[in-house]
Amino acid sequence: MKKCITLCLTLVLALALAATASASGKADLSVIGGADGPTGIFVTSAPTAAARETSAGNGVVEMQINGEYIDFTGAEPEIVGGRTMVPMRGVLDALGAQVDYDHPSKTVTAALGGVSLRHTIGTEEITVSGGQVLTMDGASYVKNGSVMVPVRFFSQALGLEVYWDRGQRTAVVIDKQKLISQIDSGFAILNGFQEKQAAGRGENLAMTMNFDGTAKVLDSIGGDKEYPFSMEMTGLYGPSAINAQGSMDLSILTALMEAMDEEVPQEMAGLLKDFDFQMICSSAGLWMQMPAVMDMLRAGGEAVPQGEVWFQLDGSGAGDMMDLYGIALAAQREAVTMGGMLYAMAEYSDLEVPVNIYDDVTQAAALLTALVGDGAFARDGGDYVWTLDQAAMDTLAEALGAASAAFPGTMEMTLHADGSSAFSLDLTVDEAPLALTMTMSGTSTATDSAFQGRVQVKNVCDVTFQATAAVQAGQTAPFPAPPADAVIVDMGAAPLVMSPAA
């Protein structure tokens with residue numbers, strides 16, 4: 001019974017998280033400080049391809065700046081009193097800053113990317129552009145002719161991101177805004193389209209989605225059979241929580257299991273036919289409410305109380321999931337650029353190995369620039385047209401220095417000047433043991449989207465489907481948890497444990 005319930009919960013969660021796209025192991029974290037506020041120190045014990053072999057095992061402190069390891073002359077980076085101290089001049093030179101030193105006053109001045117700073121050796125203060133004074137958590141000092149300062153204050157003073165990779169004993173410094181700007185220089189078309197799509201959206205988004213279709217299972221002996229499927233869902237998506245509710249008819253799954261000679265319990269068949277749900281997800285946890293499942297539990301002899309009952313899943317990964325969801329949500333409600341999204345995704349995926357962030361961002365950017373960058377679009381009046389076919393695949397492979405792959409179809413996307421778009425897909429595969437054709441087409445505006453399609457698998461099935469979705473600014477914020485008087489069923493307990501939410 002618990003396995004059945006868990007499968008249902010997993011399905012609902014996947015659908016709810018996918019709605020934003022349709023409409024348009026946790027590390028130990030401490031704070032090191034960044035240009036936009038606190039930035040995490042990402043802790044890892046795993047070796048990485050980007051790390052130098054000497055750093056992890058011999059106590060040496062390394063420093064990586066914009067993906068390159070720095071070899072210092074004179075003093076080396078070191079950890080003093082829990083702080084990573086680095087040679088100030090060596091770091092500034094590696095960043096390309098203009099640096100001057102006034103011997104009588106023992107004052108260092110530097111300028112980088114429109115930001116200037118001034119620091120007097122032996123003090124705890126750095127003065128930045130406009131006269132703002134930052135107080136370090138320790139005074140600078142001189143070692144082997146080098147001025148040593150806490151590395152995190154470069155992020156505050158010069159607009160840089162700083163991470164600490166404990167496994168590789170490496171301080172990682174990245175000029176985030178410069179990197180994002182370099183990437184975005186090749187995505188003016190997509191960034192402009194995203195800005196138009198995100199115009200007018202607020203902090204919270206309200207979404208609706210409808211999806212339905214028919215699957216015809218081909219049977220030359222017993223006769224073809226048709227099975228409908230459908231889903232209706234509404235959702236409220238905020239920066240710190242997700243609420244979703246809907247209903248589904250997934251009786252086609254019953255037919256598929258029976259076709260594979262699997263016995264389907266009657267209560268499971270009923271559940272898939274008429275499946276209603278509600279979901280709440282936040283950094284505090286993950287909860288589901290499913291009336292049909294509660295009826296199954298009561299029919300099975302479980303002492304389930306009446307009233308509002310929620311299933312609570314293991315919330316150990318809820319915080320990580322919300323972080324990843326936040327990246328997708330930001331792209332929906334803000335004019336987040338391609339460079340910004342790539343950086344956020346690499347920062348998240350390299351949570352435990354920040355020495356890999358810069359290389360992962362630049363490599364992903366190179367691939368996407370070749371695939372969907374400005375050069376991949378053709379101008380058609382006020383529109384931009386993107387096409388992926390065999391010729392485009394050959395060009396992409398050549399740009400990446402790789403062997404081309406067969407692409408048995410054509411994809412096309414048109415971005416209109418008013419911020420709307422249209423796409424189409426035609427795919428044909430005719431290689432044993434699989435022979436299929438797929439067609440899809442759709443349109444999208446800043447608030448609405450629709451698509452339809454058909455998949456035909458030779459001698460197996462013929463599936464048609466269509467969907468609509470809408471997004472607008474939400475008038476309220478989503479709830480972060482079930483009501484205080486709700487009954488909570490702990491799915492991590494055996495047997496199931498029920499308790500009040502409060």
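In this predicted model, helix α10 crosses helix α11 in a right-handed manner. Helix α10 covers residues 338-349 and helix α11 covers residues 357-372. Their axes lie 9 Å apart, and the helices pack at an angle of about 135°.

On the α10 side, the contact is formed by M338, L342, Y343, A346 and E347. Helix α11 contributes I357, D360, V361, A364, A365 and L368. Of the residues in this contact, nine are nonpolar and two are charged, with no polar ones.

Elsewhere in the model is strand β15, made of residues 170-174. The strand is mostly covered, with five of its five residues buried. T170, V172 and I174 point one way from the strand, while A171 and V173 point the other way. Residues on both sides of β15 are buried.

| Partner of β15 | Residues | Sense | Bridges | Opposite residues |
|---|---|---|---|---|
| β3 | 62-65 | parallel | four | Q64 and V172 |
| β14 | 161-165 | antiparallel | five | V162 and V173 |

Strands β14 and β15 form a hairpin with four residues between the strands. In this hairpin, R169 takes a positive phi near 50°.

Terms used: Residues numbered from 1 in each chain as written. Predicted model: local features only at pLDDT ≥ 70, side-chain atom pairs only at ≥ 80, totals over all residues. Heavy atoms only, no water. Axes fitted to C-alpha atoms, helices over the stretch in contact; angles between N-to-C directions. Helix = DSSP H or I, 4+ residues; strand = E, 2+ residues; numbered from the N terminus. Left-handed = near helix turned anticlockwise from the far one by under 90°. Contact = heavy atoms within 4.5 Å. Nonpolar A, V, L, I, M, F, W, Y, C, P; charged D, E, K, R; others polar. Buried < 20%, exposed > 50% of the residue type's maximum accessible area, 1.4 Å probe, protein only. Pairing = 2+ DSSP bridges.
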